[in-house]
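This report is for a reader who is new to the structure below. Please look over the sequence and the model before reading on.

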Amino acid sequence: MTPLHLCLLISTALFCIGLFGALARSNTILVLLGIELMLNAANINFIAFWRYGPNPAAANGMIFVLFSIAVAAAEAAVGLALIIAVYRHQKNIRLQEATVLKG
Amino acid sequence: MTLPVQLLWLIPALPLLVAGIGALTRHRGVALAAIFAMAGSFVLSCLALAGALQDPAVHATYNFAWFDLGHGTLRLGFLLDPLTALMTTMVTFVGTLIFIFSLGYMKKDENFSRFFCFLCLFAAAMLGLLVANSLLLLFICWELVGLASYLLIGFWFHKPSAAAAAKKAFITTRIGDLGFLLGLLWLADSTGSLLFFDNGHGVLEAATLASLSGQTLACGLALSTAIGLLIFCGAIGKSGQFPLHVWLPDAMEGPTPVSALIHAATMVAAGVFLIARVYPLMSADALLTAVPVHALTVVAFIGAITALLGALIACAQNDIKRVLAFSTVSQLGYMMLALGVGAWSAAIFHLLTHAFFKALLFLGAGSVIHAAHHEQDIRRLGGLRTKMKFTFASFAIGMMALSGVPFLFSGFWSKEAILHAAHEWNVSHLPLYAGLCAVVLTAFYMTRLVAETFFGQPRSHGADHAHENTAAMTAPLVILAACAVLLGFLGTPYWPWLQKTLDPHYEATQGGLGLMLLSIGLVGAGLGLGWWLYGRKLRATAADRDPLATAAPFVMAALANRLGFDELYAATVGRLNTATAALAAFLDRYVIGGLVTFLAQLGIFSGSVNRQMDEANLNGGFDAVSESVRETGLFYSRKQTGETHGYLRVVAVAFVLLFLVLALGGVR
Amino acid sequence: MTAALLLIAVLMLGSAAAAMLRRNLIHSALLLVASWTGVAAFYLWAGAEFVAFAQILVYAGAVSMVVLFAVLLTRQSREADLPIEPATVTRTASAFAVAASLAAVIGSAVATARFPAASAEAPAASVKQIGLELMAEHGAALLIVGIVLTVALIGATVIASNDKKRDPEDAP
């Protein structure tokens, strides 16, 4: 059991916690936060492979994480704005009730 | 200072510009602009004349390409020679005076500016006709002149008679123009050019003329004779020659300045000008002996018939303008007669003098009509001699010029020139005799006209209250009267300057004193006869019988009825036209219409058959296919629940399954 | 080293799990901040200081604030007191099953994987090096991310703005 395995297992656990939250909770904000957790798990993977990868001299892993954080921030802003818009429309933010787009 | 031929287009362009402005605005200032434009054109014409007189034998031309047409280039051009220059000078001068006269005459008309717009259009077209160096350009302007004449005759279009007269003039002249167009096309086809003078290649130059007169048609005529006669058809229509003279008297329905400008001075002279312009073509067959007829012989006889006929009918008319109209017909006949006998310079001489004195007479008539509250019947006029002194004096001068009172008046000299030429014509003397008869008749009917109009007692309310008109109307009369006297001295047998200028080959006729004395005697006879019949015992009331009608009632009635030409045409041409129209209507309505209806019914029938086939057979298959597509779509649309959790769950489960499949499948 | 890693993992995973299970949203949000801070601690542990600071700034600083505002703006009274619906129970159960099976397959895959041996020393990545790489090698990507952020910001403002003044019926 190397540190790399440990790191990957931790990230797996974080990913699955995020997935569970996204699937289980009805509050849209929490669904969004679950997805954020899954993103963080991916970032942990990047750092782990950078740290224990074959070529740690290149900073690619860190750069990737930085971009990922930036995009995640944008996603959070837009997602939360959408949540507010949905709330204004249907007076709650329960995800299972936002089914206007069904076929 | 002279006007170069390259700038000759300026002469018609000035009035055209004003016509364009007049078409856009109703401002009364258009009239002043029109007068200034005409005066400007007159100045330019004088400059052009000065240039042309420096070397009268030269035909200065300026040709340019209009557009490319198939293999060739269509070329137009301008021409400056003494004939053009003299005609433009005359037209612009008379035109300016008539424009000024119109200021007074049309002052109260509600369409005042439109009238001047039309006048300018007419003047532009007429001047364009004169400066053209291409038969095509001449024809275009010729038709524009016809259009302007139509608009002006029908200017008071709310009067049914005016509208009918305009239509009649337009259609009658079109009959002649058809011949003109055919001749033009034939000429273009056989020579490949329509330019008059083009450095040896023009249609009026020796090489082309020789080739034209050298070809003989199946009927024995030379080609140049046939083309010339067709072109002469246009002149017959435009110049009111027999048998198409019927429109000219009716055209007097237009305003009197129009009658003066168009139907006395300029437009009707266009036919004479045309024949004078293409005179080399008309006379190209003169030296051939084997041909059955020469083109100019036809011209001479038509002219002689017209001169005699017009003068005869004029004797029995009672409308002051119609007398003058038939007089115009007669005088145009004189000009054609002169052209026919080969004295084309004499014809132009008479054209110029006639333009002045006939414009003078018409404007005088207009002055009378205006003063007498639109009374035109000479039986109801009378006694105007003392009321309208200027008008009477100038009208009398015009009357004497027209009658050919010897030595002092221009009409005498130009008429003498024509009669001498007719005397020397070696084909026939019949035209001369017709011309001499017309001399008597002319003097006679003019005496009648003056006696009835100006002497005796006023025989109507209008004539009773007549008074002299304003200076705008009398000043042109005085100027024209002066010209009517002076112009004659340009072409006397002792100093034939005009003839020599126009025609460098002109030779003054020798002798002929006896003929001159004879014609003076005939003029005297006409005047005396008129005075004996009408002046000796003046008409007392409008209802009095005409002395001539008392003497020869049938002749008088026939003449008053214009020898029945209108009725004849109505009975033959008119009825033929109506019958043809009825036949065409029948064919259109029943034969062609029936065919169209049958085809339509056929279409409807086949359409209904098609529809049955469609509904019964084809639609079932399409319906089944469409229904199954719809069902499939519905099935899949139900899978879309809108439940975000569900979607996410499916993705996750699918990922797990994919992972398992890959792992169990041994993919590392 | 490993002990520190395990401590960080416990903090991170524990607060995350608690956040996903709590019924009070405010608590969830605050627990998540703790979890993100744990992630930042992991980055520090791994030697990526710059990324750790970015994580703190963006997540613990900015995103958490936005989340808290969203929670406050959309809070419904006494949501925590509502009875748990049967549908929620089944959904929770299925979610747990899915998450657990995913954890099982990925975990087994990771546990059985063999990686090449890595150097024991932490690679030295200075801020200067990161800056140079960002500006030189990944300049275009940096610009595009900037544009994405700007567009997302404007878009979020537009979406969340109160557009009651304008009736959508008569919008052009």
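## Model and numbering

This is a predicted model, in which local features need pLDDT of at least 70, side-chain atom pairs count only at pLDDT 80 or more, and totals for chains, interfaces and linings use all residues. Residues are numbered from 1 along each chain as its sequence is written, while chains are lettered from A and ligands numbered from 1 in the order in which they are written.

The predictor's confidence in each residue is given as pLDDT, from 0 to 100. For chain A the mean pLDDT is 87, with 97% of its residues at 70 or more. Within chain A, confidence is highest in α1(A), at 92, and lowest in α3(A), at a mean of 89. Chain B has a mean pLDDT of 81, and 95% of its residues reach 70 or more. Its lowest confidence is in helix α24 (residues 547-551) of chain B, at a mean of 68, and its highest in helix α27 (residues 644-664) of chain B, at 88. Where pLDDT is low, the predicted coordinates should not be read in detail.

## The three chains

Helices (H or I, at least four residues) and strands (E, at least two) are DSSP runs, numbered from the N terminus. Chain A has 3 helices and 0 strands, in the order α-α-α along the sequence. Chain C has 6 helices and 0 strands, and its elements run α-α-α-α-α-α from the N terminus on. In chain B there are 27 helices and 2 strands.

A residue is buried if 20 or more other C-beta atoms lie within 10 Å of its own, exposed if 12 or fewer, and partly exposed in between, with C-beta atoms placed from the backbone. Buried residues make up 57% of the 103 residues of chain A, 51% of the 668 residues of chain B and 27% of the 172 residues of chain C.

Two residues are in contact if their C-beta atoms, placed from the backbone, lie within 7 Å. Among contacts in chain B with a separation of 6 or more, 79% are between residues 24 or more positions apart. The corresponding share is 49% in chain A, and in chain C it is 49%.

## A helix pair in chain B

Helix α14 (residues 320-340) of chain B and helix α15 (residues 344-371) of chain B have axes that come within 9 Å and cross at roughly 175°. Axes are lines fitted to C-alpha atoms, for helices over the stretch in contact, and angles run from 0 to 180 degrees between N-to-C directions. Angles under 35 degrees count as roughly parallel, over 145 as roughly antiparallel, 65 to 115 as roughly perpendicular and the rest as oblique. The two helices, α14(B) and α15(B), are therefore roughly antiparallel to each other.

Residues of α14(B) that meet α15(B) include B:I320, B:L324 and B:Y334, while those on the α15(B) side include B:W344, B:L351 and B:F362. By class, the residues of this contact are 14 nonpolar, 4 polar and 2 charged. Here Ala, Val, Leu, Ile, Met, Phe, Trp, Tyr, Cys and Pro count as nonpolar, Asp, Glu, Lys and Arg as charged, and the others, Gly among them, as polar.

## Other helices of chain B

The expected span of a helix is 1.5 Å times one less than its number of residues. Helix α19 (residues 430-454) of chain B has 25 residues and should span 36 Å, which agrees with the 36 Å between its end C-alpha atoms. Of the 25 residues of α19(B), 21 are buried. After α19(B) comes B:G456, with a positive phi near 80°.

Helix α21 (residues 471-486) of chain B has 16 residues and reaches 22 Å from its first C-alpha to its last, close to the expected 22 Å. Its buried residues include B:M473, B:L477 and B:L480. The buried residues of α21(B) pack against α3 (82-105), α15, α17 (389-403) and α18 (410-424) of chain B.

B:F301 lies in helix α13 (residues 295-314) of chain B. It counts as buried because it has 20 C-beta neighbours inside 10 Å.

The contact between chains A and C takes 59 residues from chain A and 67 residues from chain C. On the chain A side, the elements that give two or more residues are α1 (3-24), α2 (28-52) and α3 (60-90) of chain A. The largest share, 20 residues, comes from α3(A). This side of chain A divides into 47 nonpolar, 10 polar and 2 charged residues.

Chain C also touches chain B, with 7 residues of chain C in contact with 9 residues of chain B. The chain C side there has 4 nonpolar, 2 polar and 1 charged residues.
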